[in-house]
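Welcome! Take a look at the sequence and the structure below, and then let us walk through how two parts of one chain meet.

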Amino acid sequence: MAKTNPGRFFEDYRIGEVIAHAVPRTVSGGERALYHALYPARHALYSSDEFARACGLDQSPLDDLAAFHIVFGKTVPDISLNAVANLGYAEGRWLKPVYPGDTLRATSQVIGLKQNSNGKSGVVWVRTRGINQDDEPVLDYIRWVMVRKGDPNADAPDTLVPELKPALAADDLVIPEGLDFARYDFTLAGGLHRMADYAIGEKIDHVDGVTIEEAEHMMATRLWQNTAKVHFDATNREDGKRLIYGGHVISLARALSFNGLANAQMIVGLNAGAHANPCFAGDTLRAWSEVLDMAETTHPGVGAVRLRLVAMKHGAPAFALKGEDGKYLPEVLLDLDYWALMPI
Amino acid sequence: MAKTNPGRFFEDYRIGEVIAHAVPRTVSGGERALYHALYPARHALYSSDEFARACGLDQSPLDDLAAFHIVFGKTVPDISLNAVANLGYAEGRWLKPVYPGDTLRATSQVIGLKQNSNGKSGVVWVRTRGINQDDEPVLDYIRWVMVRKGDPNADAPDTLVPELKPALAADDLVIPEGLDFARYDFTLAGGLHRMADYAIGEKIDHVDGVTIEEAEHMMATRLWQNTAKVHFDATNREDGKRLIYGGHVISLARALSFNGLANAQMIVGLNAGAHANPCFAGDTLRAWSEVLDMAETTHPGVGAVRLRLVAMKHGAPAFALKGEDGKYLPEVLLDLDYWALMPI
Amino acid sequence: MAKTNPGRFFEDYRIGEVIAHAVPRTVSGGERALYHALYPARHALYSSDEFARACGLDQSPLDDLAAFHIVFGKTVPDISLNAVANLGYAEGRWLKPVYPGDTLRATSQVIGLKQNSNGKSGVVWVRTRGINQDDEPVLDYIRWVMVRKGDPNADAPDTLVPELKPALAADDLVIPEGLDFARYDFTLAGGLHRMADYAIGEKIDHVDGVTIEEAEHMMATRLWQNTAKVHFDATNREDGKRLIYGGHVISLARALSFNGLANAQMIVGLNAGAHANPCFAGDTLRAWSEVLDMAETTHPGVGAVRLRLVAMKHGAPAFALKGEDGKYLPEVLLDLDYWALMPI
């Protein structure tokens, strides 16, 4: 009996089953410090306990994306070890801030299956939930991946493609308890623009660039206990390159977006996301954003802004996205659609 | 009077003397987070306070190897600054878990001396002890190194070669107070195999590989305050390479061994260890294990498994170890013999 | 209205104005662990809570230079984003240790302005202050930088060049409350030399070298939330190199100085500093010190030592500094003049 984890193949998933993922993780100030060392993160709410308290929270939470990466990392051995591609995200909601001392675990429920016409692989949809030590959900999102079949002759399952919201509505978002931007300090936050200063359709070039090193993306990906071989093992691909975890690109782009969106403080919704092209060490990453929507919330001074965040390689044209054929330009790495909270 | 530390030479050691090593170190969640960023560590007991508590501990301890590296690092300025080679380990025992907030210091007693026949160097055996802020020993091990003579004409000391146990017996091991695997959660731990599922002589290929970067091994080695020049200074060797600290290889291999030995939770004994060949940045490291022995303990549900852990470079044959001449194959980096605790 | 920060240009500064810098930062054991991973730091007071308590402090503070870097980093978006050169430091004083849990913010007052004769740039002098969550100053220093003009036709301001002390006197220094070296443990500190063992004019070669990696200096510089593009973006300079943050060189050199100055524990004054030449990844850094002055303090057993700390590249002659023309030799990276506290 093999002692190592072979991962699951397409035929191993059943609609409705709930997979409990392994290796719970307690976070501390160490994870916060490393997040700031790995990414040029400057959003004040995640940097200062005092700033977070002035906004009605108990203390500065772990960056929302760090919480996402930790939960995501736990799912890899069960969901994407034999994945051919990470196809998309939908209906992601942050339900409760994660604080130092919290312990996170994760479960995924299989909510969709569709074998590919070639019979060699299929698409698996899961709803993943991050849960803290008090059994409270902190994060919830749908992801779908293409997974190889272990046995090409295994029967195809009944096809079930879940209906996904193209985007969460502002009413779907969960605002952290007590959050209050009524006395928000724009000077300390590092940006003078409130929600009213932005317009739907406005695009922002985040200006700065970061050249990526192997040691950095591997340290980040290990920190989230993501075990996918392709990120760590230079002998895994024929070209000898280590593919950078898509979440590393998300966090880099989000951190760069501070320059122009310093007050888009908390991420509360993930509508969609595409890892358009692979990213490798040596690439210099840049980012731009587009304001897609805005809404008020019932919390004092707190607005919700829906943003497109695009990461691209140095050399791409300004606001690069798709070509005339509707396909992503080769320099585009990430196209992310999310909701953040901002003073109105 | 020179202000810098010249290190000790072979003729500077006296049988029986106890050397108090410098620079005590307080650990926190920061060291735990960095350990997870530097190594693909996934053993649940070191990742989750909740999991550790369910196993009868107060919280998740610092990884046993991190405690070892910290204690080892303290000894370098006094023991191995002028060492030609790190020859071996024996009778290593972890005596008490190290928790965030603990402060570690170290002492070494000289227990053996033998001048080499060339008269230019000799072997020094020391018993090193790691001690916490309450003066309790947390770790104890014997190490022997070959050290240069400062003065080739210095008299040879009386030869004393200590008798070393080839391996600790299960009865020699100290099981952490309160440890209890009776309600061990195999799903959360990430591996379904208990001690009864393994057989003596069984070999496990840990499958995964990690390509090593300079920044990573230097950050790790600095974190343990290990000052050996050869790890940090590219001008130190004629080939311009920085030798990777042997402990970095130990931690990488141990972390990789999660895939196949997820429930070999705590390291409690170090029987022997050989750094068979040097490791450099760019090497892709793989690991395999062999079950050498098993024993029950008096703690509920807690078994002890004696394991050989071998680290090797990518390209080595499966389960590579020694050639027909009895020497380690050139791709083999580490041959470690240790005891771990596992649910029975 | 542009949403990104264009930085300030020379004509944007007014004598007397106080700039409140953004993004306060709470520090934890995570920052301490990372400081030890990024630099070969071994000063016992910053490594061990027990050692710090034996010296009269509450616990081990964050390294003084880490506090400096955090405060400095906050000033970059407002002071040096359009800087051509970082020209100097003066009158720097550490006023209060920074402990895990403290939150730091920073302000800078413009105290001098002088347009260059070319009319395209000018020198700005600021007094920067680091402030904790109780509104207590923890750090105070003067820095001056050459800043480009945004509009070359902007009027020149009245010239005001502040009078700066060439060095702080020992009486200017603030010794941390309660600091007491009467029962200082030289063995645990890792160096046997007290102030009385040093002589003014004595030079110390710190012997060890460190070869620098891109990932390390970028992680360090991000950790201090320093956003200067030139450190992170390989496309920023024509030669494709990333300039290493001068503070990274300061911390590396200071950490190397442990070997020879293990008891120069706390940095309390910064008299002057020149980043003599740029530093790039791949450079192997070495350091030497010169004792410039010594003084007693009113605290039990606590002396103050004024030191020159020079960082240079491997291959430089011993104690390299300036050539016959009075200019720094090309291998010299840093010439720093500071006060540290040492047992008398």
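In this predicted model, the C-alpha centres of domain 1 and domain 2 of chain A are 21 Å apart. Domain 1 covers 1–27 + 62–164 of chain A, while domain 2 covers 28–40 + 168–344. How many residues does the contact take from domain 1 of chain A and from domain 2 of chain A? Domain 1 of chain A gives 31 residues and domain 2 of chain A gives 30 residues.

**Buried area**

- About 2600 Å² is buried between domain 1 of chain A and domain 2 of chain A, and 61% of this area comes from carbon and sulfur atoms.
- On the domain 1 side, the residues that lose the most area to domain 2 of chain A are His69(A), Tyr89(A) and Trp94(A); together they make up 24% of what that side buries.

- The interface of domain 1 and domain 2 of chain A has 1 salt bridge.
- A salt bridge joins Arg25(A) and Glu31(A), whose closest N and O atoms are 2.9 Å apart.
- Between domain 1 and domain 2 of chain A, 14 residue pairs are in polar contact.

**The domain 1 side of the contact**

- At least two residues each come from β2 (25–26), α3 (64–79) and β3 (83–94) of chain A.
- The most comes from α3(A), which supplies 11 residues to the side of domain 1 that touches domain 2 of chain A.
- Sorted by type, the residues on this side of domain 1 of chain A are 18 nonpolar, 7 polar and 6 charged.

Note on methods:
Residues are numbered from 1 along each chain as its sequence is written. Chains are lettered from A and ligands numbered from 1 in the order in which they are written. This is a predicted model: local features need pLDDT of at least 70, side-chain atom pairs count only at pLDDT 80 or more; totals for chains, interfaces and linings use all residues. Side-chain values use heavy atoms; hydrogens and water are left out. Domain bounds come from an automatic or database domain assignment. Contact means heavy atoms within 4.5 Å. Buried area is the accessible area (1.4 Å probe) that two parts lose on being put together, summed over both. A salt bridge is a side-chain nitrogen of Lys or Arg within 4 Å of a carboxyl oxygen of Asp or Glu. A polar contact is a pair of N or O atoms within 3.5 Å; within protein, one must be able to donate a hydrogen and the other to accept it, and residues adjacent in sequence count only if both atoms are side-chain atoms. Helices (H or I, at least four residues) and strands (E, at least two) are DSSP runs, numbered from the N terminus. Ala, Val, Leu, Ile, Met, Phe, Trp, Tyr, Cys and Pro count as nonpolar, Asp, Glu, Lys and Arg as charged, and the others, Gly among them, as polar.
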